[in-house]
Amino acid sequence: MPPPAPLAHPVQDLGRPYRDGAAPGVRGRQGIAWWRIATFAPAVIVTGLLIAAFTDWFAMGGISPLEGVLIGLIAITFFWICFSLSTVTVGIVNLLVERPRPRGPVRPLDVALLMPIYNENPSEVFGNASAMLAELAVRDPGHRFSLFVLSDTRDDGIAAREERAFAALAHRFDRVFYRRRGENTDRKVGNLADWVERWGGGCEAMLVLDADSLMSGDAVVALADELSTDPSAGLIQSFPQLFGATTLFGRVQQFASTIYGAVLAEGLATWADREGNYWGHNAIIRTAAFAGCAGLPRVDSWRRRGALILSHDFVEAGLLRRAGWAVRFLPRVKGSYEEAPATLIDYVLRDRRWCQGNLQHLGLLRSKGFHGITRFHLFHGAVSYLMSPAWFVLLCVWAVIGISEDQNVIRYFSGLNPQVAWPEMSYVNNVALMLFMYAMLLAPKALGAAAMGSTGLRVADMGGARRFAGSVAAELVLAILYAPILMVQQTVAVVRSLIGIREIWTPQARGGGRYGPWTLVKFHALETLIGGALAAGMAAGLVSLWLLPIAVSLVLAVPLSALSGWRMTGRWSRRQLATPSVINAPRIIRAAQSERRRLRQVLDDGDQIAAE
């Protein structure tokens, strides 16, 4: 490591506002209020109209408490669906009307590339780092870059491979450093805080990466240039695209992120403006601002005192904005990448950890000094998980209501007229509700595909028009099949968080876990039972056939989970659900793959020599 350059990193008090005297202040873009109205107002209006329609449907004989709860759940779930659609629409409009603005002169910065790792595959981590450093080495950006690999690895065997990989990297490049902590206190938060407090004073900016992060030289320099020319910016987040997926589930995520995620990200950047968010990686941060304003306290909850803030990134962004620094999101910076979970189970295991962290944010909404948009980011992150239990309750209510008053599940099993006043859901109402639901869910995807050209994507880079159309259809079918399973699993994740089950933050299985039949059966037993119950209700004529797609998905949860890990490495399958990173991979991705292979060979040879 370089000589120490200590920087004070005080813990912040969430009970009172704080303003950083060094912050120049934040001025939003002209007309930002109108962009926010254009995003939020349609969602509020459409949700209001939906509430009015359901109230009218249920008004015969008065609104019962159950009907009131049902209307409330429908309103909550559909607001967020409408909000997603309006965000995509605003993003498309902004892409059409917004033109790049000229920047001022760039002042060179000392930038630290920080890569915190924990029991990761050294050849992949250092391979990515090597590819990034090689691109930066052939440029003359004016900025000075240093790489810090900050290891929290607990496994001595992996740590030994890390040290050999570091030695190979340091032999090729200057200003490459490696530090392994004796104790991984406070996980990633503590790892980064340790660097800030001991060496942060030596670098004006830090570009935070994850173990699976990959950024082109152009992307790294673009973020550094933007931070240099915007003295009000405390943090600038890029939009990481998914790459490297070789399984069916990974390719579905990669395709959806590429086609639909770009316009959604543009919409988010438009209405968030200078009150953006932070996703914990592939973002550049002004080191002194972060040190002085974003020290995370431990927080109390109804189940635990002095808990570590798990999803720290949202909170750190809020603390920077609270102190007077702008937090920006630049989705138009190309060349920022990360990897996706390879299988359904890997995705769920990661999602459980994220769920616990996002629900924790509900207790932070009362923090003093947070901007209103910051509070919305925190609330939105929690609601994104609470939506699944809401949908699950709606599913249960629709199933129990049955087809008509005579064909009602409670009536069928009790043999008596039930005392509960069930909502009157006619066939027409069921059809209208389901059609409206699917239309709103699919509209953002349709808009994203239609506006693909405005984000710089070419059909040729998706395998051609015919293959692209097939990929859109395949992603749509697979998304519909996996959505009910994820709904149940996220409901389980919420319940686990509420009853206090602490999720273990283990390294993500980057290549995908290998799960046997018995593991799949145990993991998806609940979905299979629920799907079987729905199917039985339909066979008995008690449950509407409009729920058949959900029932089929849940019944097939085990084979669908097994299918999610199907390796798409053959000549034919490789070109399905194709994206530019597959058909015409950028130079940085090809370089990273090459460097990974080279380092794997170096490390494997070293292991063989050590064994001999």
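Between which two helices does the loop with Leu577 lie? Leu577 is placed in the loop between helix 19 (557-564) and helix 20 (580-583), helices (H or I, at least four residues) and strands (E, at least two) being DSSP runs numbered from the N terminus. The model is predicted: local features need pLDDT of at least 70, side-chain atom pairs count only at pLDDT 80 or more, and totals for chains, interfaces and linings use all residues. Residues are numbered from 1 along each chain as its sequence is written, and side-chain values use heavy atoms, with hydrogens and water left out.

The protein chain contains 21 helices and 10 strands. Its radius of gyration, taken over C-alpha atoms, is 25 Å, close to the 25 Å that the globule rule gives for 612 residues, so the chain is as compact as a globular protein of that length. The globule rule is 2.2 Å times the number of residues to the power 0.38. Along the principal axes, the C-alpha atoms fill a box of roughly 80 × 60 × 50 Å. Of the 612 residues, 55% count as buried; buried means under 20% relative accessible area, exposed over 50%, and partly exposed in between (1.4 Å probe, protein chains only). The accessible surface of the protein chain comes to about 26,400 Å², and 61% of this belongs to carbon and sulfur atoms; areas come from the Shrake-Rupley method with a 1.4 Å probe, and for residues only the protein chains shown count as cover.

Contact means heavy atoms within 4.5 Å. Among contacts between residues at least 6 apart in sequence, 85% join residues at least 24 apart.

Helix 8 comprises residues 261-272. The expected span of a helix is 1.5 Å times one less than its number of residues; the 12 residues of helix 8 should therefore span 16 Å, and the end C-alpha atoms are 16 Å apart, which agrees. Helix 8 is mostly covered, with 10 of its 12 residues buried. Among the buried residues are Glu266, Thr270 and Trp271. Asp273 follows helix 8 and has a positive phi, near 55°.

Two further residues with positive phi were examined. Arg175, which is not a glycine, has a phi of about 55° and is found in the loop between helix 4 (156-172) and strand 3 (176-180). Arg175 counts as partly exposed, at 30% relative accessibility. Leu577, likewise not a glycine, has a positive phi of about 50°. Leu577 is buried, with a relative accessible area of 4%.

Ser553 belongs to helix 18 (residues 548-555) and is buried, with a relative accessible area of 0%. Not counting residues up to four places away in sequence, Ser553 touches Leu481, Tyr482, Pro484, Ile485 and Leu560. Ser384 lies in helix 12 (residues 372-401) and is partly exposed, with a relative accessible area of 37%. Ser384 and Cys355 are 29 residues apart in sequence, and their C-alpha atoms are 8.9 Å apart.

Tyr18 is found in the segment before helix 1 (32-58). Its relative accessible area is 32%, and Tyr18 is partly exposed. Not counting residues up to four places away in sequence, the residues touched by Tyr18 are Gln12, Gly292, Cys293, Arg322 and Ala323. The C-alpha atoms of Tyr18 and Ala168, 150 residues apart along the chain, are separated by 45 Å.
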